[in-house]
Every structure is written in structure tokens, then in C-alpha cells.
Amino acid sequence: MREIPNTALSKRRHMHTAVSSMARFLFEQVPDTLTHEAYTRIKMLYPKKPRSYEPEQHLLYEEDIPQVFAGIQRCYPQDPAKIQLMKTLITVLLETGLRVAELVTLTQPQMRFGEARQHPFITVKGKGAKVRKIPFSRAAQTAMKDYLNACQSPDLGQVFTVYHKARNEWATVKRDWVVREVAKVSRAAGIKFTAHSFRHYRITQWANNPRIPLNAVRLWAGHSSVTVTERYIHTRDEDALAAAIG
């Protein structure tokens, strides 16, 4: 292992992932083949992002939303159950700003609907096991109720489930599955966006509302500081003026 140069694995992240996984297997399962020092060195070779790195974020604005839902229709023309599932998933992401990992683990007890004059909200345990409450909009509530009433899957604990025809079984929706399906919808819609774009959209919408303090946006987003929240806000001149005028 001493012959591996420090830059050998730092050029491509997927290469490091493969080598690191093999090193972990050898270190844990095949004693005496790899020392702890060598294993630690391999893990530390993971390429770091430069300080100037800024990930490309495909932004969505209010006028793009009808095209997103039109893309869902085009993506699954003969699968009404899949259409309703994707419409619900994307509506909830758009309306709540949830992370995809938080969305797919959602359970019914986490949701309080706006009945009997109660303030509707979703309770979420996010990064660092921090618990927060997020506004549960009417649009998200309606989409969720329609989905739950139509859902025919067995009780698997989590709200969102999908039927796998090849395996002839129901399964809970996973994060990677949502990411892949949203990419398909993006191509069908003809505009670029990712599952994470919906979180940027909602945080921007909250921030553009003059009645909502920025610190409230931070709390709903589950951020540790307002500085982090500000990275998610993408305000155009016309949106800023509209918010100011009301």
C-alpha cells in the first residue's frame, strides 16, 4: 500500500469509493492483509472539493411548475398509479422544502392535517437528529389525502410505496429511486431540474414572502445558521419587487 501515490485516488471519486470499499472489506473480514494505518490512509485520499467549488443548481421558478407536472403526465402515460405517486411526491417536496431523504421516510403520525382549527404541520427528524416542524400547506394536504385514499399497498410503515412489477411486490420508496424518477420527469418536461431543486424553490418562496422572518425559514429548512439558508435563496429582481409591493 505504500506504493500508492497520494494523488492516485484523488482524481475520481468513484475510483476512491471502489478502492475504499475493498480496503474496508479486507481490513474487517480478512485479518493481517491490511494494517490500520494503510486503511486509514486510503480513506483519507478522498478528493476534497476546492474552496471555489459551487455545485450546479438547476433552479425552478413559479412559471416552471405547470411544465413540471405536464412532464409527469408525459413520463407515465399508461400508469395512473405512478402519475399520482409522482405528483404527490413532487407536490410535497415543492410545498414543504423537505430533503428527499426526509420525504421517503415520512410516516402518517408525522403529519397533522389542518382540521378543527389546528395549525397543520409535518414533524421531521433531519440532519443531526434535529426535530423540526414544517408548515403543511393546503396543496400538500390535498395531494397527500388523495394519495392515501387511493393507495392500495399494504402497511409498510412509510407513507410512500411503489409496486415493482418484476418482483411482484410492494416496497417503500427509496431516495435513489426518487432521484432517478425525477430525472426522468425532468427530461419529459423539457427543463432541467433535480429532486433537490424543489427544496431550493420552496426556501426561495418562503424567503420572498415579507411576512415570514428569515429565521423562521431557517428553522423550517433545518439549517444550522441563516448563512446556510441564504445559499438556497435565488431571488430575481421581478420577484423581489413583487414581494415588496405585495
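**A helix pair and its surroundings**

Mentor: Let's start with threonine 91, which is found in helix α4, where a helix is a DSSP run of H or I with at least four residues, a strand is a run of E with at least two, and both are numbered from the N terminus. This is a predicted model, in which local features need pLDDT of at least 70 and side-chain atom pairs count only at pLDDT 80 or more, while totals for chains, interfaces and linings use all residues. Residues are numbered from 1 along each chain as its sequence is written, and side-chain values use heavy atoms, with hydrogens and water left out.

Trainee: Is threonine 91 buried or exposed?
Mentor: Threonine 91 has a relative accessible area of 12% and is therefore buried (buried means under 20% relative accessible area, exposed over 50%, and partly exposed in between, with a 1.4 Å probe and protein chains only).

Trainee: And what does threonine 91 touch?
Mentor: Not counting residues up to four places away in sequence, threonine 91 touches Phe69, Ala139, Ala140 and Ala143, where contact means heavy atoms within 4.5 Å.

Trainee: How do the axes of α4 and α6 cross?
Mentor: The axes of α4 (residues 80–96) and α6 (residues 138–150) come within 9 Å and cross at roughly 155°; axes are lines fitted to C-alpha atoms, for helices over the stretch in contact, and angles run from 0 to 180 degrees between N-to-C directions.

Trainee: Which residues of α4 meet α6?
Mentor: From α4 they are Gln84, Leu85, Thr88, Thr91, Val92 and Glu95, and they meet Ala139, Ala140, Ala143, Met144, Asp146, Tyr147 and Ala150 in α6.

Trainee: Switching to α7, which residues are buried there?
Mentor: In α7, the buried residues are Trp177, Val178, Glu181, Val182, Val185, Ser186 and Ala189, and the buried residues of α7 pack against α3 (65–75), α4, α5 (100–104), β4 (161–164) and α8 (197–207). Just after α7, glycine 190 takes a positive phi of about 80°.

Trainee: Last one: where is arginine 236?
Mentor: Arginine 236 is found in the loop between α10 (226–230) and α11 (237–245), and at 21% relative accessibility it counts as partly exposed. Leaving aside its neighbours within four places in sequence, arginine 236 is in contact with Tyr61 and Glu63. The C-alpha atoms of arginine 236 and tyrosine 61 are separated by 9.6 Å, although these residues are 175 residues apart along the chain.
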